[in-house]
Amino acid sequence: MTKVIAAITVSVDGYITGPNDGPDKGLGEGGERLHYWVFGGPWSYESEPRGEPEGVDAEYLNEMSSRGGAVVVGRNMYEAAGHWGDKNPFGMPIFVVTHRPEEEPATGEFTFVGDLAEAIGRAKSAAGDKEVSIAGGADVIRQGLDAGLVDELHIIVAPVILGGGKDLFHDFTKSLDLENLGVRQSRWATFIEFAVKR
């Protein structure tokens, strides 16, 4: 059975972006620090990332990439990332959950779907015997957890306190039991992996 893994990077105080995130600053003001682990160290929106992940960071990314067969993201993440320049950044099918599926771009790089459960179903079909990743944003991950669609939750904690922005569990009131699967540590992040108990 195809696993669904929700993975997201948060600050120590629980934010997935800094304040004022948007198309020019997808991670918000100061939010670049959340993804130092992805780019091998410091970067900013003013000076594009030049590094590569190393050690545990690269190990995690490579493992998730090799296990993955499809990705689900929310429309807000798609917009905040500037549509990734209309190019698929993940190298596998991407399903974008949106209230406006009719706005799907003609590039063929992304599939717009009007419902999360349908997006997960289509992603599972596309993934075959590989896994489906819910890459964010927070709203789609919360919806997936609330609907019982997530098998594993990976919280990647960056060693930074942002003091504001979008918080991962905003207005989430459901109680869930998690099982520890493992913890990895690098200079730029702590990777905590949980199974979501049913």
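Just after helix H4, Gly 128 takes a positive phi of about 65 degrees. This is a predicted model, in which local features need pLDDT of at least 70, side-chain atom pairs count only at pLDDT 80 or more, and totals for chains, interfaces and linings use all residues. Residues are numbered from 1 along each chain as its sequence is written, and side-chain values use heavy atoms, with hydrogens and water left out.

Helix H4 covers residues 116–127; helices (H or I, at least four residues) and strands (E, at least two) are DSSP runs, numbered from the N terminus. The end C-alpha atoms of H4 are 16 Å apart, which agrees with the 16 Å that its 12 residues should span at 1.5 Å a residue. That expected span is 1.5 Å times one less than the number of residues. At the N-terminal end, Asp 115 caps H4, with a side-chain oxygen 3.1 Å from the backbone nitrogen of Ala 117.

Leu 116, Ala 119, Ile 120, Ala 123 and Ala 127 of H4 are buried (under 20% relative accessible area, 1.4 Å probe, protein chains only). Seen down the helix axis, the buried residues of H4 fall within an arc of 100 degrees, so they line one face; the arc is that of the directions from the axis to the C-beta atoms. The elements they pack against include strand E4 (111–113) and helix H5 (138–146).

Val 113 is found in strand E4 and counts as buried at 1% relative accessibility. Its contacts (heavy atoms within 4.5 Å), leaving aside neighbours within four places in sequence, include Phe 95, Ala 119 and Arg 122. Val 113 and Phe 95 are 18 residues apart in sequence and 6.6 Å apart in space, C-alpha to C-alpha.

Methods. Buried < 20%, exposed > 50% of the residue type's maximum accessible area, 1.4 Å probe, protein only. Polar contact = N/O pair within 3.5 Å; in protein donor to acceptor, adjacent residues only side chain to side chain.
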